[in-house]
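User: Could you walk me through how the labels used for this model follow from the numbers? I would like to see each value set against its cut-off.

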Amino acid sequence: MLPYSILMFVISAIFIVFSILIYRGRTELIHSYHRENVTDRVGYGKAFGKALLVVAASPLVSGVIGLLGTQNSTAVAAVAALIVGLVIGFTALARVQKKWNGGIFWY
């Protein structure tokens, strides 16, 4: 499961970089329709960055679990951790969008 773990670590690193950049104020990295009704860009960036960090943690945890063995049960646990983490992370992102922009998509 080493290739899986390496892939998860790379994906996690990319998301961590973006979450740090957004947290530090680079909200232009978020699509414009997600920022359309946001008035407090600093607060929004910090909240979005934190929620994106939860998304980034999911493949990281999954990759670590993948390193623990090569059995089928380890693979199932790694994928389960990935799915649960992504659901929690995307829920956090949706809550940030609802609070700061009035909804997930705003046209």
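This is a predicted model: local features need pLDDT of at least 70, side-chain atom pairs count only at pLDDT 80 or more; totals for chains, interfaces and linings use all residues.

User: What about L29: why is L29 called partly exposed?

Analyst: The relative accessible area of L29 is 35%. That value falls between 20% and 50%, so the label is partly exposed. L29 sits in the loop between α1 and α2 (32-35). L29 is also part of a nonpolar surface patch with L2, I6, V10, I14, F18 and L67, and together they have about 610 Å² of accessible area.

User: How do you know that the buried residues of α1 are on the same side?

Analyst: The residues in question are S5, M8, S12, S19 and I22. They cover an arc of only 110 degrees around the axis, so they lie on the same side of α1. They pack against α3 (41-66) and α4 (72-101). The face turned away from the buried side carries the exposed residues L2 and P3.

User: What makes the span of α1 close to the expected one?

Analyst: Helix α1 (residues 2-23) has 22 residues, and its first and last C-alpha atoms are 31 Å apart. Just after the helix, G25 takes a positive phi of about 115 degrees.

Notes: Residues are numbered from 1 along each chain as its sequence is written. Side-chain values use heavy atoms; hydrogens and water are left out. Helices (H or I, at least four residues) and strands (E, at least two) are DSSP runs, numbered from the N terminus. The expected span of a helix is 1.5 Å times one less than its number of residues. Buried means under 20% relative accessible area, exposed over 50%, partly exposed in between (1.4 Å probe, protein chains only). The arc is that of the directions from the helix axis to the C-beta atoms. Contact means heavy atoms within 4.5 Å. Patches are made of residues with over 30% relative accessible area and no salt bridge: like charges are joined within 9 Å, nonpolar side chains (Val, Leu, Ile, Met, Phe, Trp, Tyr) within 5 Å. Accessible areas come from the Shrake-Rupley method with a 1.4 Å probe; for residues, only the protein chains shown count as cover. A salt bridge is a side-chain nitrogen of Lys or Arg within 4 Å of a carboxyl oxygen of Asp or Glu.
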